[in-house]
Amino acid sequence: MVVGANPCPLGDILRVRGLLELKCLLDSTDVVLIQKNISRTFENLRSHVNSESCVLRVRDSPVIIWPYKSVHVTPKDISPDTLCEELHHWIQTDEQDVYGKKSKKKSKKSSGARLILLNLMMDVTKSGPLPAPVLCRTLQKAHFLSTTLPLDCVVCISPADTIKDACERLLEALTNQLCEMEQEMLRHMEGTTLAVPEPFHFLLPEAKELVTVLYPAGVPESQLETQRKEFHQRFELPEDRPYFRRANAYHFPNEPYKDGYLRNPHMALTHPNLDDGKVYLVQGVYSYHHYMQDRMDDNGWGCAYRSLQTICSWFQQQGYVERRVPTHREIQQALVDVGDKQASFVGSRQWIGSFEVHAVLNQLLGVTSKIMFVSQGSEMATKGRELANHFLTEGTPVMIGGGVLAHTILGVAWSETTGMIRFLILDPHYTGAEDLQVITDKGWCGWKGPEFWDQGAYYNMCLPQRPKVV
């Protein structure tokens, strides 16, 4: 279910998150009565959010807002008429110095949209005299529903919006999301089993807005295809690639990846300057896999495995597959399963090449690939058109193997008129820590000329193809 689109042409993004307890006594097996009880509980939650108990706290700052207490704000230097952009002066951000030490610094003004994070909280205590609690005991058979709703709303504001304006939009968004959560929960209800709706935000191609969608937790992507097709039609998106799978959800800049791998290190590089040249790059997000990760000492033999893992991570993070990136042993077992290797290959330190990468992608992910070869490295300079077309149409990382080395090609800068070419290389032979500056400064991810290739070596390239799915 689409909750709403949030256009952000100029201003900042406000993101409010919070957990609300949904507790409901289901004292009947009648589906209609159960639905009425759930709806009544959601109505109470909406009333609670739109009451004086509602509190919004600006993350990493001393700023606290009570929207329904005449938009009361602390500290006293801030008022309801204060511009939202002034909140950045109160926000402390973690920044790392050149030695990797963290320090607290005030958020600086920058060009483009910035993110302000807020927590939704509820006042537990109330002012004034309160009645004494009354306890009663009732014995009856009933189902008691208790779960947590993960509210997550995004609102875009303009430079002229005040804190009061922002609160009105945030509370409207929270109320609407609770309404949508109620509908989504009832839609996927099976007997007394309920699926918790989870919000996901998506940044669509060539769009300046975030679209929020609710999906029921625990329901696999295969059962949500009909919904996704409706979204594709509504937003006039092609139906040959995923845009609304959970893995396609927008990754906010402040959110660290939990697995520890670097994402898209090439984004830190400057594009080369070629006369009449264009740059063609990998599309989407991938993880950088290299020697010595995952407590696996594959130094000297595992470069093609790591390149394959980078490719698998691309298919996972674009939403084409749900399985995790395969280990070296799983890669070897897949090659045994397809009859390419003997059983003794599993657990060995033997190399693999482009054809094995192609076979594993097909076996584990159901992904087909094209194989392109050159009889010597000096011919790589003539492959600009083919590689440019691949990144333009497929956009997947390319594994290349030649001699005893394997690399990943992430893009090309190529001039059709002059034939000049540069290759964007991700090197799996790196053995250090996940340090973006070292990786880019030392050329482990960088632009290389045709001389990078062994001029006399034979090279095979594996060009994975996108499956045609929604």
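Helices and strands on this tour are DSSP runs, numbered from the N terminus: a helix is H or I with at least four residues, and a strand is E with at least two. Residues are numbered from 1 along each chain as its sequence is written. The model is predicted, so local features need pLDDT of at least 70 and side-chain atom pairs count only at pLDDT 80 or more, while totals for chains, interfaces and linings use all residues; side-chain values use heavy atoms, with hydrogens and water left out.

**Stop 1: the whole protein**

Show everything as a cartoon. The C-alpha atoms fill a box of roughly 90 × 55 × 40 Å along the principal axes. Of the 470 residues, 48% are buried (buried means under 20% relative accessible area, exposed over 50%, partly exposed in between, with a 1.4 Å probe and protein chains only). Now think about contacts, meaning heavy atoms within 4.5 Å. Among those between residues at least 6 apart in sequence, 69% join residues at least 24 apart.

**Stop 2: the cavity**

The structure holds 1 cavity of 30 Å³ or more. Here a cavity is a set of points, on a 1 Å grid over the protein atoms alone, where a 1.4 Å probe fits but cannot get out; lining residues have an atom within 4 Å of a point. The largest cavity has about 60 Å³ of space, a volume filled by probe spheres set on grid points that are joined across faces, edges and corners.

Select Leu14, Ile65, Cys84, Leu87, Ile116, Leu118, Ile163, Ala166, Cys167 and Leu170 to see its lining. By class, the lining has 10 nonpolar, no polar and no charged residues (Ala, Val, Leu, Ile, Met, Phe, Trp, Tyr, Cys and Pro count as nonpolar, Asp, Glu, Lys and Arg as charged, and the others, Gly among them, as polar).

**Stop 3: along helix 2**

Stay with helix 2 and pick Gln183. Is Gln183 buried or partly exposed? Gln183 counts as partly exposed, because its relative accessibility is 41%. Then draw a C-alpha to C-alpha line from Gln183 to Pro197: they are 14 residues apart in sequence and 9.4 Å apart in space.

**Stop 4: two cores**

A nonpolar core is a set of buried Ala, Val, Leu, Ile, Met, Phe, Trp, Tyr and Cys residues joined through side-chain atoms within 4.5 Å. The largest one has 63 residues, and those with the most contacts inside it are Leu361, Ile409 and Met461. Helix 4 (residues 303-317) brings the largest share of this core, 8 residues. A second, separate core of 46 residues includes Leu20, Val73, Cys167 and Leu170.

**Stop 5: strand 18**

Click on Asn460 in strand 18. Asn460 is buried, with a relative accessible area of 14%. Leaving aside neighbours within four places in sequence, Asn460 has contacts that include Phe355, Phe373 and Gly401. Now click on Met461; with residues up to four places away not counted, Met461 touches residues including Lys370, Leu387, Val398 and Ile409.

**Stop 6: helix 7**

Which residues of helix 7 (residues 384-393) are buried? Select Gly384, Leu387, Ala388, His390 and Phe391. They lie on the same side of helix 7, because they cover an arc of only 160° around the axis, taken from the directions from the helix axis to the C-beta atoms. An α-helix has 3.6 residues a turn, so residues three or four places apart point the same way. Among the elements that cover these buried residues are strand 12 (277-281), strand 15 (405-415) and strand 18 (459-464). Finish just after helix 7, at Gly395, which takes a positive phi of about 75°.

How values were computed
1 Å grid on protein atoms, 1.4 Å probe; cavity = no way out; pocket = protein on both sides within 12 Å on 5 of 7 lines; lining within 4 Å.
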